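Hi,

Here is the structure I promised to pass on. Have a look at it first, and then read my notes below.

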Amino acid sequence: MNRETLFRYAREHFNSEPEYLWSKLPGYAVLRHHDGKKWFAIVMNVPGTKLGLKTDDEVEVLEVKVRPEYIGSLRQKDGILPAYHMNKEHWVSVLLSGPLSPTEIHELLSDSHELTH
């Protein structure tokens, strides 16, 4: 999945537009609740080595909030890593170019939206 497909899904299902908040990090986009402005996701381009991967190439990740009781089992899945930017007890990083299906990514995004309301 690419970020534009993800953003289209967020627009259609959550009325959320990506916000680029940091001039020094132009590839970082936040998705917020349209009513309360609380974040429910962030999309970032990060060097793979910062995520524990064996590549210096930048990878696109989606960070989402998940239920703490699911963190351990989710991290066992290929394509899901400990959070890079947010609290590692409550958030995970999902490789957008990884093995997860669009449906799995949409479900994680929807759960994050619900958990952050």
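This is a predicted model: local features need pLDDT of at least 70, side-chain atom pairs count only at pLDDT 80 or more; totals for chains, interfaces and linings use all residues.

Is Y28 buried or exposed? Its relative accessible area is 8%, so Y28 counts as buried. Leaving aside residues up to four places away in sequence, Y28 touches E19, Y20, L21, W22, I42, V43, M44, N45, V46 and Y84. Y28 and E17 are 11 residues apart in sequence, and their C-alpha atoms are 13 Å apart in space.

Next, the helix before that loop. At 1.5 Å a residue, the 12 residues of α1 should span 16 Å, and the end C-alpha atoms are 15 Å apart, which agrees. The buried residues of α1 are R3, L6, F7, Y9, A10 and F14. Seen down the helix axis, these buried residues fall within an arc of 155°, so they line one face of α1. What covers them includes β1, β2 (39–47), β3 (58–65) and α3. At the N-terminal end, α1 is capped by N2, with a side-chain oxygen 3.0 Å from the backbone nitrogen of E4. After the helix comes N15, whose phi is positive, near 55°.

Which residues of α3 are buried? They are I105, H106, L108, L109, S112 and H113. These cover an arc of only 160° around the axis, which puts them on the same side of α3.

Now the aromatic rings. The count comes to 4 aromatic pairs. One of them is F14 with F40, an edge-to-face pair at 5.4 Å centre to centre and 65° between the planes. This pair links distant parts of the chain, with F14 in helix α1 and F40 in strand β2, 26 residues apart. Both partners are buried: F14 has a relative accessible area of 10%, and F40 has 0%. In another pair, the ring centres of W22 and W39 are 5.8 Å apart and the planes are at 80°, so this pair is edge-to-face too. W22 lies in the loop between α1 and β1 and W39 in strand β2, so the pair ties together parts that are 17 residues apart in sequence. W22 is partly exposed at 28%, and W39 is partly exposed at 21%. Ring pairs also link Y9, F14 and F40 into a cluster.

Finally, the charged side chains. How many salt bridges are there? The count comes to 5. Among them is the one between E60 and R3, where the closest N and O atoms are 2.6 Å apart. E60 lies in strand β3 and R3 in helix α1, so the pair ties together parts that are 57 residues apart in sequence. R3 is buried at 11% relative accessibility, while E60 is partly exposed at 28%.

R32 and E19 form a salt bridge as well, with closest N and O atoms 3.0 Å apart. Here R32 is in strand β1 and E19 in the loop between α1 and β1, 13 residues apart. E114 and R67 form one too, at 3.7 Å between the closest N and O atoms. That pair links E114 in helix α3 to R67 in the loop between β3 and α2 (68–75), 47 residues apart. E114 is exposed at 54%, whereas R67 is partly exposed at 30%.

Cheers

Terms used. Residues are numbered from 1 along each chain as its sequence is written. Side-chain values use heavy atoms; hydrogens and water are left out. Buried means under 20% relative accessible area, exposed over 50%, partly exposed in between (1.4 Å probe, protein chains only). Helices (H or I, at least four residues) and strands (E, at least two) are DSSP runs, numbered from the N terminus. The arc is that of the directions from the helix axis to the C-beta atoms. Contact means heavy atoms within 4.5 Å. The expected span of a helix is 1.5 Å times one less than its number of residues. A polar contact is a pair of N or O atoms within 3.5 Å; within protein, one must be able to donate a hydrogen and the other to accept it, and residues adjacent in sequence count only if both atoms are side-chain atoms. Rings of Phe, Tyr and Trp (its six-membered ring) pair if their centres lie within 6.5 Å; planes under 30 degrees apart count as stacked, over 60 as edge-to-face and the rest as tilted. A salt bridge is a side-chain nitrogen of Lys or Arg within 4 Å of a carboxyl oxygen of Asp or Glu.
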